[in-house]
Amino acid sequence: MSEDLNEEHMPEAVPDNTAPAADGTAVAEEKSYKGFFGKMDKWFGITKSGSNYKTEIIAGLTTFMAMVYILMVNPGMFQQVIGGSNPFGASYIATALGAIVGTFLMAFLAKMPLAQASGMGVNAFIVFTLCNENTGLTFANCMVFTLLDGVIFIILTATGLRKHIFKAIPDEVRKAINVGLGLFIAFIGLQNASVIVDEASTLVNLVSFNVLKSPFAVWDPINGKLTGMLPAFVALVGVILIAILSKKKVKGSILWGILGSTVLYYAMAGIGFAAGSEACKSMFQNIGIKNPFSAFEAWGKDAAGKVFYEGFNFTKYLGMEGNNAGSLVLLLVTTALSLCMLDMFDTIGTLYGACEKGGLLDKDGNPLNMNKCMLADSVATCVGAIAGTSTVTTFVESSAGVAAGGKTGFTAFITGLCFLVAMFLSPIAQLVPYAATAPALIWVGVLMMSSVTNIEWTDPAKALPAFLTIAVMAFGYEISYGIGIGMISSLIIKLCTGKIKEISVVTWIITIFFLATFILTH
């Protein structure tokens, strides 16, 4: 990619007039850009940061390549809950808009080389936990939770309360959240690709790869996908491919893994079709290329602004046995708080990780323009909720662009432009099957597991809350309850071991809310 960006295509840098030094030796000339590019250079501080246009452009493209998979994975999740005639298209546009707004905010408000999009983990939480048919919550209701998350995040950032909330969560629970989220996401990927299947006695089971007894593929007309041996094999090969590419430090390894899995999926389905598989025949018959503007139409009808004209209608939730106005208030508070904490931990972790790699920390060791970065994140989350997508957060894949030399907001500007162009490619993205996006989910789970080594497993007072957080998230399919049970167990252990002074007022308040949720609503 970088070979195509030759210096001759870049705006010319003109040396400024410089005076000789006092000792008569020549002073190194400082170069700057003139005209429009000079104004852009001054605005973003490209030359001042020690970077240049070529480096910033390459960094922006690198970041986009590393995170564009979200345009396929996120709609693949949300199409299950949005409804309408083209739910994938509606979610695709919503996801793209969230990424565009969030990344441009990073470019022009925070002026940092970071990009944003709908966060992995939180999207799964909304689709598979909140929008579960057993909760009585609709897609629009869930966008209210997301909007509240953004508003709370704005308030916490503007008032400085963010650091108090962050400190109120026990350290072992904070570290366990990433691990629990990783297992949760990976489990969803394994289910989507039919690697893990339903089983009556054990609830879950591994798909059979017995070529003598098990079907090569089975068509699922309800979800519009193949199940069985074919997608499971493709997903496992895909995640292995991502691991190999990552080991070789290939930029955009997740994207290449998805594309490679897509090719393998259609090749194997083609072989099945030629061999007379009715399932593969049904799959090909259901393929259709839609007008890219039909996605915009579906978005305007089924997702845009739905948070306002349907989101506050909780009739379905209140109509379920055991639910009332009190339980709704508790649900609103604890869920919005959980979303906000997930967003905050994700963003803070990404900011420190990416900025440290790029030397973008201040003298105190904090990311440059941190408050503006957090504000960009929270505003983008509000915009995303209105557009119809889950919490927009700073992507850890931004580190790829920083590693490529990105130092300013111009890197984010380039990434945002790429998302803007990609917004019109929904029909192509829709051809990517579940079996090809599943490797991305599984791989994200692999990456998030690294935090498990930071937990002090030799200390029972920290090991149990961390374990319960992870176990409830992964096995109980409940992210917010995982956080809640972790905090409750941590508080009880501290009370019983004489460490009550270590419990802050904010910790008490948050834990009591979670406890009330367990007792009154779950």
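This report describes the salt bridges of a predicted model.

## Basis of the values

The model is predicted, so local features need pLDDT of at least 70 and side-chain atom pairs count only at pLDDT 80 or more, while totals for chains, interfaces and linings use all residues. Residues are numbered from 1 along each chain as its sequence is written, and side-chain values use heavy atoms, with hydrogens and water left out.

## Salt bridges in the model

Side chains of opposite charge can pair when their charged atoms come close. A salt bridge is defined here as a side-chain nitrogen of Lys or Arg within 4 Å of a carboxyl oxygen of Asp or Glu. By this rule, the model has four salt bridges.

Salt bridges link Asp171, Arg174 and Lys175 in a network. Aspartate 171 pairs with arginine 174, with 3.2 Å between the closest N and O atoms, and with lysine 175, where the corresponding distance is 2.8 Å.

Helix H8 spans residues 171–192 and holds both aspartate 171 and arginine 174, three residues apart, or about one turn; helices (H or I, at least four residues) are DSSP runs, numbered from the N terminus. Aspartate 171 and lysine 175 are four residues apart in helix H8, again about one helical turn. Aspartate 171 is partly exposed, at 31% relative accessible area, and lysine 175 is partly exposed at 24%. Partly exposed lies between buried (under 20% relative accessible area) and exposed (over 50%), using a 1.4 Å probe and protein chains only.

## The pair of glutamate 310 and lysine 306

Glutamate 310 and lysine 306 form a salt bridge through their side chains, at 3.9 Å from N to O. Glutamate 310 is partly exposed, with 36% relative accessibility, whereas lysine 306 is buried, with 11%.

Definitions and conventions
Helices (H or I, at least four residues) and strands (E, at least two) are DSSP runs, numbered from the N terminus.
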